[in-house]
Amino acid sequence: MPMATRRSALAEGWSAVWAQRSARWGMGIVLAYVLAALFAPWLATHDPVHQAVEASMQPPSAAHWLGTDSFGQDIYSRLLYGARLALAIGFGSVLLGMVAGVALGLLAGLAGGRTEWAIMRVVDGLLAFPELILAMAFLAVLGPGVDNLVYALALSFVGPFARTVRSDVLQVRAQPYVEAARLMGVPMREIVVRHVLLNVAPGIVVQAGIRVSIAILLESGLSFLGVGVAPPTPDWGLMIAEGRAFITMAPWIAGIPGVALAILLVALNLLADGLRDALDPRSGEAR
Amino acid sequence: MNESTVPVFSVLDVEKRFLLRKGRGGPVELRALDGVRLDIEAGSSVALVGESGSGKSTLVRMLLGLDRPGEGRVLYDGIDLQQVLARDRSRFAREVAFVYQDARGSMNPRFTIGEIIGEPMRVHRLHPAQDIPRRVALLLERVGLPASVAVRYPHQLSGGQVRRVAVARALAQEPRVIMADEAVAGLDVSVQASLLNLLRELVAELKVTLVFVTHDLGVASYLCNRIAVMYLGRILETGPVDSILQGPAHPYTRGLLESFPRFDRPLRAPLRGEIPSPVDLPAGCRFASRCPCVQPQCTEADPVARALDGRRLVACLFPLSGEVAAA
């Protein structure tokens, strides 16, 4: 019975997101990006890292749908593979940061006392640095690369997750239903999972949704600055950086990945807003 | 002492003080409970009656083991409650059920009613998992709710329905003792009446011991066979409902009875003023400042509870009726 009701709650949440027009748009666009990323090898017209000096800086044409960059690489194909990287790094780093942050926040909120104090001081330390600076410092130590980029971004997300989870846990823990469960003899482990975590989860999901777009923006930013992904890997940040020098003569080189990035970020934010409204018990009929 | 005469709960001179960090003279002490004595016999239904701030909720939290007494002891079946909890918390948790005043708040908002009522059965393994939905339906029927409620969430039910669910959840753990804190307060009179009828039937049918906290003497007298009147952290009068209603021995009890609105006479307000602050209790009788029949001695000696008519206890130097037996 519990499984069945959980699933119906999930279905309810889904329909609550779907009921919002802007969230539906956001979901549709994100889905299109995900599909483009998944099927990049089939959709691409060229090898994304094949350089053809003779065909450099060509405007969009039949051969190169979105033109070529200064190395003669096909921008359309690079855009598809870049989506792969952006989404993988975005979701991967948020997932990693979320797991670590939620564990820390949960521990701090439930343990209290010295444990909580120690954890929260570490979290304060992490939060003292802006995400970009923290990730840059981390990458400077570890060196560039996709996996290091994921770790660096994940680290910068641990703080915010830990902080909000802890405050949510403190709030939920004071609710009469947690005390009621204890009085009823529900074991501690079960109280944490079924009563505390279940009620903290919506906040976590909403925050994760917002963080994905921040992660993708940061990833592009870091690559733009030259501390993220190394060339010639197809990456939007790198593409923008590379096209920056030719912005007046060949605006499509930087412009197209820029627009692709902007559309994805807007769509992700619409989706996150929809999630928030759907999961907030105070908003209308939705749970 | 043989088994049948040991009360389910014995409260032995329990005190509870809270330190408040305000005031210029350092921390201030609040006496929430001050020398409370009470026996709760198996199968009885006891109402704790008093104005807000009288300490009745603190006493119930102590009986549930949520607060420890500062001094004195609480016995469960003649054994110290702290010992009982240390030895087998789960057994105590099953035997003693609590119905919260904030019934909705006492239910996980992300659980369905079926999960909420099923939880104690699942946790204490009272029934095999596949029988639980059927048991939930039976309990819902018993408290007068349709079985379809099981798939809904607490926020989808009305205040009265949620209280019924809270009662059903208490019954689900098959308890010996049910404690309820203002379980009918804040409901429409008709909803209140049907809930009271339900509770009265259940108590009679299941032979559970009931501890019912209320500020309403009418509710107390309808539901319970014993009343303990609390005032500023002490029990002023205890005894069988009928004899207290017919002849209140403590002026405070009489005051409470008279401030109860009735159709056949104009409303008097015999209890003048507010309950004094438990931070600085007056010397002598704690009710002296509001007592209509205060005597000079009342501000000097703090009256101890004395037996009256053999079955009642009253903490008053000049009880209103009956013979005072030697203390």
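Predicted model: local features only at pLDDT ≥ 70, side-chain atom pairs only at ≥ 80, totals over all residues.
**Entry 1: a sheet in chain B**

I began with the strands of chain B. Four of them make an open sheet, and I read their order as β2-β1-β4-β5. The pairing in this sheet is antiparallel. I then asked myself: which strands are at the edges? They are β2 (28-40) and β5 (79-80) of chain B, each of which pairs on one side only.

Next I looked at one end of that order. Strand β4 of chain B, residues 71-76, is joined to β5(B) by two bridges, and the two run antiparallel. To find my place there, I looked for Y76(B), which stands opposite I79(B) in β5(B). A reminder to myself: strands of a sheet pair through backbone hydrogen bonds, either parallel or antiparallel.

**Entry 2: strand β10 of chain B and its partners**

I moved along chain B to strand β9 (residues 226-231). Six bridges link β9(B) to β10(B), and these strands run antiparallel. One pair I picked out was M230(B), which sits opposite I235(B) in β10(B). The two strands form a hairpin with two residues between them, and in that hairpin L232(B) takes a positive phi near 50°.

β10(B) also pairs with strand β12 (residues 312-314) of chain B, again in the antiparallel sense, over two bridges. Here I noted that E237(B) has V314(B) in β12(B) as its bridge partner.

Is β10(B) largely enclosed or largely open? Six of the seven residues in β10(B) (residues 234-240) are buried, so the strand is largely enclosed by the rest of the structure.

**Entry 3: two helices crossing in chain A**

The crossing of α4(A) past α11(A) is right-handed. Which residues meet there? From α4(A) I listed I75(A), L79(A) and G82(A), and from α11(A) W252(A), I253(A), I256(A), P257(A) and A260(A). Sorted by class, this contact of α4(A) with α11(A) has seven nonpolar residues, one polar residue and no charged ones.

**Entry 4: helix α8 of chain A**

My next stop was helix α8 (residues 176-183) of chain A, where Y177(A), A180(A), A181(A) and L183(A) are buried. Those residues cover an arc of only 160° around the axis, so they lie on the same side of α8(A). What do they pack against? The buried residues of α8(A) pack against α9 of chain A, together with α2 and β6 (96-99) of chain B. After α8(A) comes G185(A), with a positive phi near 90°.

**Entry 5: R189 of chain A**

I then found R189(A), which belongs to helix α9 (residues 188-225) of chain A. Is R189(A) buried or exposed? R189(A) has 8 C-beta neighbours inside 10 Å, so I put it down as exposed; the cut-off for exposed is 12 or fewer.

**Entry 6: where the chains touch**

Technical notes
Residues numbered from 1 in each chain as written. Chains lettered and ligands numbered in written order. Pairing = 2+ DSSP bridges. Helix = DSSP H or I, 4+ residues; strand = E, 2+ residues; numbered from the N terminus. Buried ≥ 20, exposed ≤ 12 C-beta atoms within 10 Å, placed from the backbone. Left-handed = near helix turned anticlockwise from the far one by under 90°. Contact = placed C-beta atoms within 7 Å. Nonpolar A, V, L, I, M, F, W, Y, C, P; charged D, E, K, R; others polar. Arc of directions from axis to C-beta.
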